[in-house]
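Visitor: Please pick out a part of this model and look at it closely, giving the cut-offs as you go.

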Amino acid sequence: MALTLLRGIRTQALFRANAGLFCTTRLSPLARFTTRVESVQTTNPKTAPKSIQQAAKEAAEQKMQGFEAVIGIETHVQLSTITKAFCSCPYDYGSQPNSTVCPTCMGHPGTLPVLNAKVVECAVKLALALNCEISMTSKFDRKQYFYPDLPKGYQISQFDIPIADKGYIDLDLPVEFGGGHRRFGVTRVHMEEDAGKLLHSESGNYSQVDLNRAGVPLLEIVSEPDMRTGIEAAEYGAEVQRLVRYLGVGNGNMQEGSLRCDVNVSVRPIGQSEFGTKVEIKNMNSFNEISRAIDYEISRQIHLHKESQADQIVQETRLWDESSQKTFTMRKKEGLADYRYFPEPDLAEVVLTSEYIDEIRNSLPELPEAKRRRYENMGLSMQDVIFLANDDNVAHFFDSTLEHGADAKLAANWIMGDMTAYLKDEKLSIHESKLTPLELSEMIASIKNGTISGKIAKEIADPGAIGAMVDKVLADNPKQLKQYRAGKTKLQGYFAGQVMKASKGKASPVLLNKILGEKLKGN
Amino acid sequence: MPPPLQAHRMLLSHRRISPAPRRRFTAVSSLSSAPAKTAVAPGPPPSSILSIRDSLLSGERTAADITSEYLSRLRRTEPSVRSFIHVADAAAERDAEELDRRIASGGKDAVGPLAGVLVGVKDNLCTVDMPSTGGSRILDGFQPAYDATAVRRLRDAGAIVVGKTNLDEFGMGSTTEGSAYQVTKNPWDDSRVPGGSSGGSASAVSARQCVVSLGSDTGGSVRQPASFCGVVGLKPTYGRVSRFGLMAYASSLDVVGCFGSSVFDTATMLSVIAGHDKMDSTSSSHDVPDYRSDLVSLNLLESKPLNNLRIGIVQETLGEGVDTGVISSIKAAASHLEQLGSVVEEVSLPSFSLGLPAYYILASSEASSNLSRYDGIRYGKQVSADELNELYGDSRASGLGHEVKMRILMGTYALSAGYYDAYYKRAQQVRTLVKKSFEEALKRYDVLISPAAPSAAYKIGEKTNDPLAMYAGDIMTVNVNLAGLPALVVPCGFVEGGSAGLPVGLQMIGSPFSEGNLLRVGHIFEQTLQDVSFVPPMLADL
């Protein structure tokens, strides 16, 4: 194993908001279903109810008329190691240009790469999660081309012996897209370094090079051409993102470019075994965009096939344009690019031991697919399973609640219903909730054994909230308040009614009367 | 199968493997064929480092005195020799005065192993306070942000860097004529080349412009100029010295090496620069001994100090194409080694002649990649242009020299899709064969000997239009780089030429990390070589 300068994974900072006391405020049942998968999150079910989606899906199927799409994805996962892949520079997205650079990542004469052992560890983790075969001996190679964001004139990558290959991803398609279990093949996983970034001037007269990102470790995951629709591809990407986050090897943020998907799309008449000419699409910033870009590209290619213009489908790279919802040619490929790969002589081979791999295997957390199967076996619906398992934080909360003895179905209902609605209103994440899994499990137990009713559990029991409502009622009724203060104490009933009305009947009567009494007397 | 490169074909036919059986080496000849006619008294070379150390410790001389002695010699010889691209005389004087102050206040503790030793540094090694050009216009004026590890270790040991020595551009050449800046002359005859690519480092030590110097050896770039200039040159085992800060030519072959006027000085220098470096993951963690500890002075030597030493003389290096004067010098050296008690036998390295073409394919391939960073974008020469490819093309076309461009083209070709297997991969297979054949031979012999070059120093301009002839001159040295072995060159004799003859070096090759043994044998050889001196005649007038 090569040596490391500095090692370690940056732990994600948990910004704990000063959340108020958790209390549910809604009686209405869960109005709609949401997941944290971006593809689903960004579609707005309010404006596009399921029936319309279903209709769109059927329309899309009709459009396929005798054709089938073949989709493969190359995913670049940026690793959140403390230092870069081959030097001791840190990397922070968004820092001042060229502030986290050194002679090595700037490609200065005489500098040499030294492998960060943490990169290998992340690669093995992700490769195991992708059910890959790990190469006990792999090596680095140089991929050579000239571009100003590539300081050495070559990228250190892995060519013929990647660290892992022959894996697969299991996932469940969202129920509203028809559901279904899928297994997509993973061709290979390899380690490489990122390039810098070019910043083009507004005038277009010059470009500037920012090398902060140069040398940041990446894992490239190449899928088999197993996907057939935009949603399948988006779900594949979403599952990769989940694995990255579950394992803590990266933040998987697409907007920051920490997770990038390049998609290859071709279409062929159903029944044909050869692939059609493939087109590469880049520049999608969410899984939803991936899904739409692919669906657009599929219909564009089918259209050309039907118009007998299939020869206009050429090997090229197209960019997805979100504003026009179309793909555009970026560059046509003139023959095969020759990267003149050869073994990187500055780095030793990466030799792993089975003890090393076992140690990592034993340290892996339960992964989304295992969670989904476990939840499914609890008798939860697939919609519940996907919601609970696909977000690391939600799954953790759910599992803790179960550990405290809560009933799975009830806990699922509470988490997916009232808690989610509340947290969404408060713009909080579940790990920021003040309701702990223990409290939720106790509440569920109390409801179950009849100590309190489900309705009571939903009462407003926040003195602050009730106090505010009381204040408002008092302020809105100065005449009655004056009369009360003058001795007409029967009016307390009137105020209580007003507050209860304001709370839509949810205020705890005991708490309400206590606070109201104090306020009427004190102020 | 693509047509082979012309160089490939020609180099392959340069030499045929002769399957002659091993036989006892019996040649006996007088030592030097053209004894040196210098005014300097013949005898074993003294260690300059030791004498500097003694004078500093005794207070007999100050570092400033020593520096001034070397600088005045440098100023007188440099106009004709031109070893240096950059002379840092003022900085050297300052460093010396600073050292004197520290000695005055701190005493002996301030005297590091290389205190007050003036060092020349090949200009492809990065120095933080001096320009580092690699001998190329594309890095004209470039000043690195850091010191190469070897340079830093020398400085930490008290050495004073006196300047940056001339070289063939990025180490690609065997004459130092390939420098973009100047032509360095051989101190033994100013019409001749000093060898290359570390020609400036070799000539600087030869002309006593500095005490020792750093070079780099990718295919013989330390050993061949050491032979041409009559100095000691050491190419350590691959990975023995960190490459961090050495501008890469061919990463899997490059080694930082050293020059001295004596084996003792060379050993002292190696002790300082060798060892693992966390900045170079190909550097070895193998223990670094004090290479001086096995060097026994002449008066303590037994009569047969090399008893039990088995030496193999590489048959293939003494045949056709090798200067007869060189052959007789090497044979004389061999019999001298026999007289010292060793057993010398001829040994055949069957893959010997395959090494040269394999070397040029591998070195050029790696060079084509390593030199991609000189693109005019971040540092060095940039030719402005309207379009990106034009900027790259023009910057590199005007910044890089002819030989460098030729090797980049050869290497790019060899790595291209469809040619990779026929060239690069095949050359790697040859490399494995070469390695194996050395391993076999070094099981039977402690040391292998050969010339360091097929001839002594040749005339300036003689081979500039015939690159293949120049490449062929590397036949003695490239195999050692392919196998990653250590090799020491010590001056052993002379051939006719110049006013006082031209020096010839004996190359001694050992197993990986056997530098200690090579230096021990080299030291005994050097100390017992009588009636010769390897101080160039130009110094007699000074």
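Guide: A:Cys89 has a relative accessibility of 7% and so counts as buried (under 20% relative accessible area, with exposed meaning over 50% and partly exposed in between, for a 1.4 Å probe and protein chains only). The model is predicted, so that local features need pLDDT of at least 70 and side-chain atom pairs pLDDT 80 or more, while totals for chains, interfaces and linings use all residues. Residues are numbered from 1 along each chain as its sequence is written, chains are lettered from A and ligands numbered from 1 in the order in which they are written, and side-chain values use heavy atoms, without hydrogens and water.

The cysteine sulfur closest to that of A:Cys89 belongs to A:Cys102 and lies 3.5 Å away, too far for a bond, since a disulfide requires two cysteine sulfur atoms within 2.5 Å. A:Cys102 is accordingly in no disulfide, although A:Cys102 too counts as buried, at 15% relative accessibility; over all chains, the structure holds zero disulfides.

Where chain A meets chain B, 33 residues of chain A are in contact with 39 residues of chain B (heavy atoms within 4.5 Å). The two chains bury about 2900 Å² between them, 59% of it on carbon and sulfur atoms, this being the accessible area (1.4 Å probe) lost on being put together, summed over both. On the side of chain B, the residues losing the most area to chain A are B:Ser281, B:Arg373 and B:Arg378, together 22% of what that side buries. One salt bridge is found across this interface (a side-chain nitrogen of Lys or Arg within 4 Å of a carboxyl oxygen of Asp or Glu): B:Arg243 pairs with A:Asp346, their closest N and O atoms being 3.0 Å apart.
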